[in-house]
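Please look over the sequence and the structure first.

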Amino acid sequence: MRIGIDLGGTKVEVIALADDGSERFRHRIATPRDDYAQTLQAIAGLVQMAETHTGERGTVGVGIPGTLSPFTGLVKNANSTWLNGKPLDKDLSALLQREVRLANDANCLAVSEATDGAGAGKPVVFAVIIGTGCGAGVAINGRVHAGGNGIAGEWGHNSLPWPDDDELRFRDEVPCYCGKSGCIESFISGTGFAVDYARLSGNPLKGEAIMTLAAQQDPIAERAISRYEQRLAKSLAHAVNLFDPDVIVLGGGMSNVERLYHNVPQKVREWVFGGEFATPIRQAVHGDSSGVRGAAWLWPQQ
C-alpha cells in the first residue's frame with residue numbers, strides 16, 4: 001500500500017492507494033498554519049488514520065509547496081513559510097519510523113499523470129499548474145526529475161519570452177511575489193489572468209466570472225482570454241525549445257478552460273523554433289487529486 005500526503009497552505013490531505021492505483025482511503029484536515037511541530041503531528045495522525053482504516057502499513061510520500069535543498073537537506077522556496085529551513089523528511093521519518101520521500105507538489109502532479117493519468121506511457125511529462133499561482137514539474141519515466149539544485153520545473157520564474165509592448169508595461173506594473181519582475185507566473189497564473197482583465201476593464205473579477213463574460217462574447221473578456229492564450233503559448237514554447245517533452249499536462253483552475261486545448265497548440269507552433277509542434281496538451285486526468293496521488297507514487301511500481 002502507498003500513502004500520499006498533500007501538504008498545502010490551507011489543507012493537508014491523505015490518500016491510500018492499492019498497488020493497482022485504486023483508492024482505499026482519503027481524508028483531509030485544515031493545515032496547522034505557522035506551526036511546524038503541529039504540522040508534523042497532523043501528517044503523522046493522517047498516516048495512522050489511513051493505516052487503521054485499511055489495516056495495512058504503507059510507504060509514505062509527501063508533496064510540499066517547496067522543495068528540499070540538495071545542499072542543506074532543508075526545505076526551501078515554500079510559500080508555507082514555517083516549513084522553510086526545516087529537515088521535514090528526516091523529522092517525519094523519525095516520527096513515522098520509516099523512510100519518507102518528499103517532492104515539490106508540481107512534481108507530484110507530473111508523477112501522478114505520468115503513472116496513470118494524461119501522460120501515462122510517455123517518457124517525459126511536463127506538468128503545469130495554472131491556478132492561484134503557477135508551477136511546473138517534470139517526470140522522466142514516471143519518476144521525479146528534481147535536478148542538481150532541486151529546482152527543475154520552476155519554469156514559472158523565468159521571464160515571459162518575446163514580450164510585446166503591453167507585456168513590458170505589465171512587467172513594470174505587476175511585480176512577481178518572488179521579488180523579480182516579468183515572471184511567467186505573474187502572467188499566466190489564474191491570478192495573473194484576473195489582474196490583466198482588471199487592467200483592461202477597471203473591474204476586478206475572478207477567473208470564472210471573466211470566462212462567463214467571454215462565453216457571452218463580451219469584448220473585453222474575450223481580449224483578456226485571447227491575451228492569456230498567447231502568453232501561455234509563448235511560455236510553453238519556451239519549455240518545448242529547452243527539452244521538448246512528450247506530453248504537456250495542465251492542472252489547476254485555468255486548466256478547466258476548454259478552449260485552451262484547441263487554441264493554445266496552434267499558437268505554440270508560432271513560437272517553437274522551426275515552427276513544427278505536435279506535442280499533445282492535455283488536461284490532468286486526476287484533477288485536484290493529482291498532487292496527493294503523485295505523492296503516493298513517489299514510491300513507484302517495481
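Contact here means heavy atoms within 4.5 Å. The model described below is predicted.

## Helix α9

Among what covers the buried residues of helix α9 are β8, α8 (219-243) and β12. Those buried residues are Leu260, Asn263, Val264, Pro265 and Val268.

Helix α9 covers residues 260-271. With 12 residues at 1.5 Å a residue, helix α9 should span 16 Å, and its end C-alpha atoms are 16 Å apart, so the two values agree.

## The open sheet

An open sheet of mixed pairing is formed by 5 strands, in the order β10-β9-β8-β11-β12. The edges are held by β10 (143-144) and β12 (281-283); each has a single partner strand, so one side of each has no neighbour in the sheet.

Strand β9 (residues 134-140) runs antiparallel to β10, and 2 bridges join them. In this pairing, Ile140 stands opposite Arg143 of β10. Helix α3 (residues 105-116) packs on the sheet, where it touches β8 (124-130), β9, β10 and β11 (247-251). The direction of helix α3 makes about 45 degrees with that of β9.

## Two residues with positive phi

Most residues other than glycine have a negative phi. Asp34, although not a glycine, has a positive phi of about 60 degrees. Asp34 lies in the loop between β3 (23-30) and α1 (36-54), and is exposed, with a relative accessible area of 59%.

Asp244 is not a glycine either, and has a positive phi of about 50 degrees. The loop between α8 and β11 holds Asp244. With a relative accessible area of 48%, Asp244 is partly exposed, because the term exposed requires over 50%.

Definitions and conventions: Residues are numbered from 1 along each chain as its sequence is written. This is a predicted model: local features need pLDDT of at least 70, side-chain atom pairs count only at pLDDT 80 or more; totals for chains, interfaces and linings use all residues. Side-chain values use heavy atoms; hydrogens and water are left out. Two strands pair if DSSP finds at least two bridges between them. Helices (H or I, at least four residues) and strands (E, at least two) are DSSP runs, numbered from the N terminus. Axes are lines fitted to C-alpha atoms, for helices over the stretch in contact, and angles run from 0 to 180 degrees between N-to-C directions. The expected span of a helix is 1.5 Å times one less than its number of residues. Buried means under 20% relative accessible area, exposed over 50%, partly exposed in between (1.4 Å probe, protein chains only).
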